[in-house]
Each structure stands twice: as structure tokens, then as C-alpha cells.
Amino acid sequence: MTLYTQAESNSRKTWLYLTGFLIFIIILGWIISYLLNSFLILWLAVFLSIFASFFSYWYSDKIVLKISKAKPIKKRDNPELYRIVENLCITAGLPLPKIFIINESQPNAFATGRDPEHAVVAVTKGLLEKLDRTELQGVIAHELAHVGNRDTLLSTIIVVLVGIVVIITDFFFRISFWGGRGDNREGRGIMLIIALILAILAPFFATIIRLAISRKREFLADASGALLTRYPEGLAKALEKISGDTQPLKVANNATAHLYITNPFRGKEEKSWLHKLFLTHPTIEQRTKALRGMRI
């Protein structure tokens with residue numbers, strides 16, 4: 001499999017997940033609307049979810065940078081890093097993003113921003129100290145690939161979809177105690193059972209799909225990043241070195257973990273199959289195998 005077919009395959013699979021997710025929401029919305037006999041309630045829940053996500057779309061990058069304690073730097077602060085980013089941006093045809101540094105010893109990095117014109121690449125101090133130039137190029141290329149592939153926009157869409165599911169199921173569970181189509185005890189009992197099932201399973205499957213899409217985007221960013229540098233081995237070595245570092249990343253949390261190039265939580269990579277189901281990233285073995293199996 002070549003690098004180009006790898007990227008195309010991951011892209012097709014991602015949109016397949018999105019299509020299935022949309023169908024799931026439509027079916028879920030229809031069931032709830034039918035049982036409550038009110039489509040107005042459904043549209044109200046969707047509107048509130050989209051409104052909340054609209055705010056996160058415009059300000060999520062600032063929030064993430066604040067949580068991560070990332071500080072902006074100028075070219076004079078790290079000329080070599082700026083040259084790497086500038087050269088890769090020229091190759092990728094992307095505008096130069098803002099560059100931030102996180103004062104942490106664990107090597108890691110992430111990209112954020114709603115589009116290429118408002119992109120940010122943040123790297124830890126440990127990344128600059130522990131990676132050589134080819135490895136650093138591989139990491140930066142990966143993050144620029146996220147920008148070029150519009151992964152931040154895709155993540156926003158997923159937030160909207162997951163938000164709709166959570167709001168609708170929570171509202172349905174609460175209102176089921178007041179009654180619905182069924183005015184008798186048996187009818188209300190059926191509604192409560194359905195509401196309980198939806199309240200438990202809908203957010204669970206929504207989260208599973210969101211994480212699956214996130215993992216697919218990592219594969220695509222790896223492939224696209226390797227195309228930029230023309231040297232997949234650089235990124236593969238960087239991933240191994242980053243994942244092998246035992247230093248904790250204190251500023252990372254469950255809300256931002258999926259943004260980093262590798263899982264920032266140490267000691268949690270090898271767990272049960274259930275744990276792996278909720279991983280925000282593919283395993284390092286899967287990623288390096290895919291990179292080393294590509295032909296450019």
C-alpha cells in the first residue's frame with residue numbers, strides 16, 4: 001500500500017463513520033420524538049446543542065492553550081524551530097501558524113485552531129530537547145497535516161453530534177417521568193425502560209464513535225506528515241521516543257488528551273481490550289508499522 005492509498009483509505013473510513021453517526025442520530029431523534037409526540041422538543045434540543053458548540057468552535061483553541069499553559073514565542077526565541085515550521089508550511093502550501101511552547105519535560109505536541117488561517121502548533125520543551133532534527137520535522141509535519149486535513153473542524157462537528165445525543169437522551173429520560181404517549185402505567189413503564197436504555201447506551205456509543213474517528217485521523221495525519229517530509233522513518237522514530245519517555249505531562253487532562261500526537265498519560269497504554277476501546281490514539285506499534293510499510 002502506498003502513502004497515497006493509505007491516506008485515501010483512512011479518509012473514506014472516517015466519512016463512513018460520520019455517515020453512520022448521522023444516521024444513528026436521525027433514528028434516535030425520530031424514536032424520541034415519536035414517543036413524546038413532539039418534534040418541537042427535538043428541534044429545541046438540537047438548537048441548544050449547536051449554539052453551545054458554536055461558542056466552542058470560535059474559542060476552543062484559546063481555551064485549550066490556556067489549559068495547557070502554552071506560551072507564544074517569536075522567531076528570535078527559537079529560530080531553528082521556526083525554520084522547520086516555515087519550510088514544511090511552504091511544502092504543504094499552508095500559512096504559517098502561531099507557535100507555542102509548553103514548559104513540560106515530556107516530549108509531545110498538538111495543533112489547534114478552527115482553520116489553517118487561525119492555526120496554532122504547540123510543542124513541549126521536552127520535545128525540542130529530546131528529539132533530533134529529522135524526528136522533530138516528522139512531529140511538526142504530523143501536526144501541520146492535522147491543520148491541512150481540517151481535523152479541528154471535523155472535531156467540532158463530532159462535538160456537535162455527541163452533544164445532540166447527550167442532550168436528547170438526558171431530556172428524554174427526565175421527561176419520561178412526566179408521561180408521554182402512554183397515559184397508563186404500562187405505557188409509562190415502557191417509556192421509562194426505553195429512556196433508561198437510551199440514556200445509558202446513546203452517549204456510550206457516541207463516545208466510541210468519536211474516539212474511533214479520532215484514531216482514524218491520527219493514521220491520516222501520520223500518512224500526510226510523512227508525505228511532507230518524504231521520510232516516514234523520522235516520524236516513526238519520534239513516536240517511539242515520545243511514547244517511551246516516562247515523564248508525566250501535568251497539564252494534560254481527559255478533555256485535551258486526544259489533541260496530542262501521542263497519549264500524554266503514561267503507564268496506561270497496555271490495558272484490557274475494554275481500555276483499548278476508549279483510547280484516544282492508535283497504539284504506537286500500529287502507527288509505526290503503518291509508517292514503515294509505506295512506499296514514497
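**Reading the terms in a predicted model**

Reader: Why does Lys69 count as exposed?

Author: Lys69 has a relative accessibility of 59%, and exposed is the word for values over 50%, so Lys69 counts as exposed. Please keep in mind that this is a predicted model. Lys69 has its place in the loop between helix α2, residues 39-67, and strand β1, and its phi is positive, at about 55°, although Lys69 is not a glycine.

Reader: Why is Arg230 called partly exposed rather than exposed or buried?

Author: The relative accessible area of Arg230 is 46%, and partly exposed covers what lies between under 20% for buried and over 50% for exposed, therefore Arg230 is called partly exposed. Arg230 sits in the loop between α7 and α8, and phi of Arg230 is near 65°, which is again a positive value in a residue other than glycine.

Reader: How do you know whether Pro232 is buried or exposed?

Author: For Pro232 the relative accessible area is 13%, and since buried means under 20%, Pro232 is buried. Pro232 belongs to helix α8, and, if neighbours within four places in sequence are left aside, Pro232 is in contact with Ala226, Leu291 and Ile296. Pro232 and Gly293 are 61 residues apart in sequence, while their C-alpha atoms are 9.2 Å apart in space.

Reader: What puts Thr262 in the class of buried or exposed residues?

Author: Thr262 has a relative accessible area of 3%, which falls under the 20% limit, so Thr262 is buried. The place of Thr262 is in the loop between α8 and α9, residues 273-277. Not counting residues up to four places away in sequence, Thr262 touches Asn108, Leu239, Ile242, His281, Ile284 and Arg287. With Asn108, the separation is 154 residues in sequence and 6.9 Å in space, taken from C-alpha to C-alpha.

Reader: Why are β1 and β3 said to stand at the edges of the sheet?

Author: The open sheet has 4 strands in the order β1-β2-β4-β3, with mixed pairing. Strands β1 (70-72) and β3 (109-112) each have a single partner strand, so one side of each is left without a neighbour in the sheet. On average, neighbouring strands of this sheet are turned by 30° against each other, with direction ignored.

Reader: What makes the pairing in this sheet mixed?

Author: Let us go through the pairs in turn. Strand β1 is joined by 3 bridges to β2 (residues 98-102), and these two run antiparallel; here Ala70 stands opposite Ile102. Strands β2 and β4 are joined by 5 bridges and run parallel, with Val120 as the bridge partner of Lys98. Strands β3 and β4 are joined by 4 bridges and run antiparallel, with Ala109 opposite Val123. Two strands pair if there are at least two bridges between them, and with both directions present the pairing is mixed.

Reader: How do you know that both faces of β4 are covered?

Author: Val120, Ala122 and Thr124 lie on one side and Val121 and Val123 on the other, and these are all buried. In keeping with this, 5 of the 5 residues of β4 are buried.

Reader: Which residues touch the most other members of the largest nonpolar core?

Author: This core has 32 residues, and Leu81, Val123, Leu127, Val139, Ile140 and Leu144 touch the most other members. Helix α3 gives the largest share, 6 residues. Ile140, for its part, touches Leu81, Ile84, Val85, Leu88, Val121 and Val123, not counting residues up to four places away in sequence. A second, separate core has 15 residues, including Val64, Leu65, Ala252 and Leu259.

Methods
Residues are numbered from 1 along each chain as its sequence is written. This is a predicted model: local features need pLDDT of at least 70, side-chain atom pairs count only at pLDDT 80 or more; totals for chains, interfaces and linings use all residues. Side-chain values use heavy atoms; hydrogens and water are left out. Axes are lines fitted to C-alpha atoms, for helices over the stretch in contact, and angles run from 0 to 180 degrees between N-to-C directions. A nonpolar core is a set of buried Ala, Val, Leu, Ile, Met, Phe, Trp, Tyr and Cys residues joined through side-chain atoms within 4.5 Å. Buried means under 20% relative accessible area, exposed over 50%, partly exposed in between (1.4 Å probe, protein chains only). Contact means heavy atoms within 4.5 Å.
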